[in-house]
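The exercises below ask the reader to work through a structure of two chains step by step. Each task is followed by a worked solution.

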Amino acid sequence: MENKPSSFVDRPVVPGDVVLDLSKMSNQTIKIGGGLRQESDFITVMKAGKLRFSKPNKYWVESSQKRYMPCVEDTVLGIVVDTKAENFLVDIKGPALAFLPVLAFEGGTRRNIPKFEQGTLLYARVAKANPGTNPELSCTDASGKAAEFGPLKDGYSFECSTGLSRMLLSSPTCPVLEEFGKKLSFEIAAGLNGRVWVNAASPSTTIVVSNAIMKSESLSGVQQRIMVRKLLDRIQ
Amino acid sequence: MGRRRGRRRTRTRRRLPSRSSGSPKQGRLEKEYEMVLKRTLQSICILTIHPNTTTSVIVQVVHDDGALLPCAINASCAALVDAGIPLKHLAVAICCCLADSGLVMLDPTKLEEEKMKAFVYLVLPNSILSVLPEESSSVKGEQMEQGLITSVTHGVMSVDDYLHCLERGRAATSKMSDFLRRNLQPQLSSDSSKAG
């Protein structure tokens, strides 16, 4: 019984590549994630990206797009578009507007419904996401606590690709944020749907951090650090 | 320049080039290219994944220096990959033209294309990396790399010349496949990232 992961793991793949041969792997259960599809006896790639594997048996393709497909338990940044009786309508850059129930806040009752104007930026979690229907959000975590979800005040938000927002959320901290964190003080919220919010005490800090993040998508770790050091030298 | 927009019913719309004089003959050629482009893209997209959605592909001709349809197909394929539309494989297009002496020339300019006695636009699937060993893919009969997605010929050529063009086109598209493979990767730094 073979238990080796595919030889293409962590390598770039394009649509059409055959990454697994199921006839060689009998008696194993494999979980296929996004970007892969099963064609009778093999697993082929549908989207261009990097093939990833996580023990014991999960394969998926990590790709970066401008558009976002809602997925349960993703943390996203949404903008309130409208208010209805039962829900807020929130735009999360997906194919459909998301619903945020008015009671989905910590200690939320009919008496203290928050008043969000059109254009409020919210940090929320996707609670339900099915292909044909509007996704549902929640501003509490699974146990009902607020956990930093809710409206974001001040600051500056911009859009980016999903790959960049995943890089900003990766651990260990991505080089851009680490280098900035050594000299400047700021806070950011990155939504997996390709929206990022930056807030700092002074506008110039906000601007320099936002611009550096936008430019860092195609740079390697070392290049990001060099860019950040050059920017910091210029402003100090 | 190709751009993919929206998620509505599948339909291809193609804007006329900015220097269009609106003559009927030019309109017919554009319509033919539109039909060929639409059918080619329909054959590479996996249409069953998102039912009830439109994929709208808009191609804007900035400058036409020969081999317009292969260029449009390559651009649309790159746009679909960039947008994350699920595809069965990539489509790589090339124009092979046949000179009077029997020489096959690839990717002609507009003047060369007009002077040649015949040319053919070929669209082939890209060369794929596979974990399958060579023997098992040939057992199935037709290998993937021997496939042909689209072929549009113009002018008069013999069957041998056509097969010759096809062979040359296949050699060229394997090089173009490698180029596409290198350049279609998102250029993210390869740090460890959270699953998702």
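The model is predicted: local features need pLDDT of at least 70, side-chain atom pairs count only at pLDDT 80 or more, and totals for chains, interfaces and linings use all residues. Residues are numbered from 1 along each chain as its sequence is written, chains are lettered from A and ligands numbered from 1 in the order in which they are written, and side-chain values use heavy atoms, with hydrogens and water left out.

**Exercise 1. Describe chain B as a whole: its accessible surface, its secondary structure and its contacts.**

Step 1. The accessible surface of chain B is about 11000 Å², and 54% of this belongs to carbon and sulfur atoms.

Step 2. Helices (H or I, at least four residues) and strands (E, at least two) are DSSP runs, numbered from the N terminus. Chain B contains five helices and seven strands, in the sequence order β-β-α-β-α-β-β-α-β-α-β-α.

Step 3. A residue is buried under 20% relative accessible area, exposed over 50% and partly exposed in between (1.4 Å probe, protein chains only). In chain B, 41% of the 196 residues are buried.

Step 4. A contact means heavy atoms within 4.5 Å. Of the contacts in chain B between residues at least 6 apart in sequence, 74% link residues at least 24 apart.

**Exercise 2. Is B:Ala72 buried or exposed?**

Step 1. B:Ala72 is located in helix 2 of chain B.

Step 2. Its relative accessible area is 4%, so B:Ala72 is buried.

**Exercise 3. Which residues of helix 3 of chain A are buried, and what covers them?**

Step 1. Chain A has four helices and 16 strands, and 46% of its 236 residues are buried.

Step 2. Helix 3 (residues 203-215) of chain A has 13 residues and reaches 18 Å from first to last C-alpha, close to the expected 18 Å. The expected span is 1.5 Å times one less than the number of residues.

Step 3. The buried residues of helix 3 of chain A are A:Thr205, A:Thr206, A:Val208, A:Val209, A:Ser210, A:Ala212 and A:Ile213.

Step 4. Their cover includes strand 14 (156-159), helix 1 (162-168), helix 2 (175-183), strand 15 (186-191), strand 16 (195-200) and helix 4 (221-235) of chain A.

**Exercise 4. Where in chain A are A:Pro56, A:Pro172 and A:Ser40 found, and what marks their backbone?**

Step 1. Most residues other than glycine have a negative phi, and most peptide bonds are trans.

Step 2. The peptide bond from A:Lys55 to A:Pro56 is cis, with omega near 0°; A:Pro56 lies in the loop between strand 6 (49-54) and strand 7 (58-62) of chain A.

Step 3. A:Ser171 and A:Pro172 are also joined by a cis peptide bond, with omega about 5°. A:Pro172 belongs to the loop between helix 1 and helix 2 of chain A.

Step 4. A:Ser40 has a positive phi near 45° and is not a glycine. The residue sits in the loop between strand 4 (36-39) and strand 5 (42-45) of chain A, and its relative accessibility of 62% makes A:Ser40 exposed.

Technical notes
Accessible areas come from the Shrake-Rupley method with a 1.4 Å probe; for residues, only the protein chains shown count as cover.
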